Amino acid sequence: MMFHPSAAIAIVTASLLISNGNLNVNVDAYSFTPQSRSFGIRNSKSNPNPSANPNASAHANVNSKSRNRNQSSLVMKETSGNEKFSLSSLFGNSSKAKKAATSDKESSILQTNTNTNSVATLEPHPSVRKHISPLNQMHPSIIQAADPNDLDKLPFHPHIKTGSLPNGLSYVILPNKSPAGRFEAHLQVFSGSADELEPQQGIAHLTEHVAYMGSRKRERLFGTGSQTNAYTDFHHTVFYAACPTYTPRSNGNIPMLPMALDALCDVMEARVESSRLEKERQAVLSEMTMVNTIEYRVECQILSTLHRENRLAKRFPIGKESLIRTWQTDDVKTWHRTHYRPDNVLLYIVGDVNPAEAEKVIAEKFGHITAEKQGKEIKLKELKPEASNLADAIVRGKNVIKAKQSWHYPPVKHEWSSGSDSDLKDEFTSTLEEEEANRLIYDLQLQNPYLLDEKVEFLKTTEIAPGKKMRPHIFR
């Protein structure tokens, strides 16, 4: 993955501002429920170029090669023997054609009205819950109310622009003219391997491959000096495009921001084709083979030990080979439509851009997507209640970072966040009785044994002093 240094610094700055530790927030102050609008599914197809990362994140690299194939054909209109030849008749503008066109237009309007009415009656998305805005401390209402003399909080960049569309999609725009003539757009989906259900282990990574590698609109960035990439982690999936502000002169000197956002929007509307799924399945299996080193295995054991009280110990991004080999298009589309929804993403734009113009393009490209329409296209209906139960558990659990503090983190807890300090216990955890009651309702932290669990025996924790325990750092 390659970044321009100054743009990378700007992104880090924006991330720090977003996820700074001062998250003493009021959820009701700026939470939201997405509104309904309709959208259409885009076609997507591309060539894979898999790569491996020996760390816990899984990456899908993209080669930028120029390829433009435009095909067109002229279909001549059939005419009856009684009609005289004319150019209008040849190109379909005869009186009969006009009547047909008028009829088609009226039919189209009727169909649009029908679709609008059907969208209004769609059932709610199974995973949408009222939650803290992913903008956190950078939400416009928080920025406006901030005290510039408060030295306990990180200062805001004076030119940063944040906001949310009516459908719930949040965005951050940070103008940065170094390097001049370039920008980066990152689409962060707040779902990763930690959000996977038992039969979905590894599907977040596979869906990332299918969504971005199968995007034809991403192909339009080839030959423009752009770089595109994507990666999956425990708690998020990120797609990005680093582009010049304009296409090269040989390509018309066209603004690149709409093209980049088109590619990222295509990710939200991914069409899961069986041919693309098979290509990306092989790419993921290849990555699984390449990362299977002794260093990677040791790292997985260490992380599993450190996180054994939460979901991360059983939800590594690479997933389970037995499951990856069996998934079909409905499985991938179900994960995609469950998690790739407007209220569950954040769009970053950093670089040599005009914030006001960028806001207009964002609304134009992403404003039509709705969580309700995504939910309607979840193929595996039996997973809808399971996804709903997971969403309920995340919101219900006081000891879950994603529910209490920020949508940037996975639905996990840590023992150190619920120690003997009463203030910490009140702030970050429920009481032990509440925690146990929540666990009986839903095993959010996966402490119970499951069929696909690795056959690993944990060493016992040793109590070295009253109330102080030492955790072993190896497995037997």
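Analyst: Arginine 276 and glutamate 280 both sit in helix α8, 4 residues apart, which is about one turn of the helix. In this predicted model, their side chains meet in a salt bridge, with 2.6 Å from N to O. Are these two residues buried or exposed? Arginine 276 has 2% relative accessibility, so it counts as buried. Glutamate 280 counts as buried too, because its relative accessibility is 0%.

Elsewhere, salt bridges with shared partners join Lys217, Asp262, Glu364 and Lys365 into one network.

Now let's see what helix α8 meets. The axes of α8 (residues 274-291) and helix α5 (residues 203-213) come within 9 Å and cross at roughly 130 degrees. That angle makes α5 oblique to α8. The crossing of the two helices is right-handed. Which residues make the contact? From α5 come His205, Leu206, His209, Val210 and Met213. From α8 come Arg276, Leu277, Glu280, Arg281, Ala283, Val284 and Glu287. Sorted by class, the contact of α5 with α8 has 6 nonpolar, 2 polar and 4 charged residues.

Let's follow the chain to the loop between β4 (182-189) and α5, where aspartate 195 lies. Aspartate 195 forms a salt bridge with lysine 402, and their closest N and O atoms are 3.3 Å apart. This pair links distant parts of the chain: lysine 402 belongs to helix α15 (residues 401-404), and the two partners are 207 residues apart. Both aspartate 195 and lysine 402 are buried.

The loop between β4 and α5 also holds glutamate 198, whose partner, arginine 315, lies in the loop between α9 (294-306) and α10 (321-324). The side chains of glutamate 198 and arginine 315 meet in a salt bridge of 3.3 Å, N to O. Here again distant parts of the chain are linked, with the partners 117 residues apart. Arginine 315 counts as buried, because its relative accessibility is 3%.

To put these pairs in context, how many salt bridges does a search of the whole structure find? It finds 15. Among the pairs described here, arginine 276 and glutamate 280 lie within helix α8, while aspartate 195 and lysine 402 bring distant parts of the chain together.

Conventions. Residues are numbered from 1 along each chain as its sequence is written. This is a predicted model: local features need pLDDT of at least 70, side-chain atom pairs count only at pLDDT 80 or more; totals for chains, interfaces and linings use all residues. Side-chain values use heavy atoms; hydrogens and water are left out. Axes are lines fitted to C-alpha atoms, for helices over the stretch in contact, and angles run from 0 to 180 degrees between N-to-C directions. Angles under 35 degrees count as roughly parallel, over 145 as roughly antiparallel, 65 to 115 as roughly perpendicular and the rest as oblique. A crossing is left-handed if the near helix is turned anticlockwise from the far one by less than a right angle, and right-handed if clockwise. Contact means heavy atoms within 4.5 Å. Ala, Val, Leu, Ile, Met, Phe, Trp, Tyr, Cys and Pro count as nonpolar, Asp, Glu, Lys and Arg as charged, and the others, Gly among them, as polar. A salt bridge is a side-chain nitrogen of Lys or Arg within 4 Å of a carboxyl oxygen of Asp or Glu. Buried means under 20% relative accessible area, exposed over 50%, partly exposed in between (1.4 Å probe, protein chains only).
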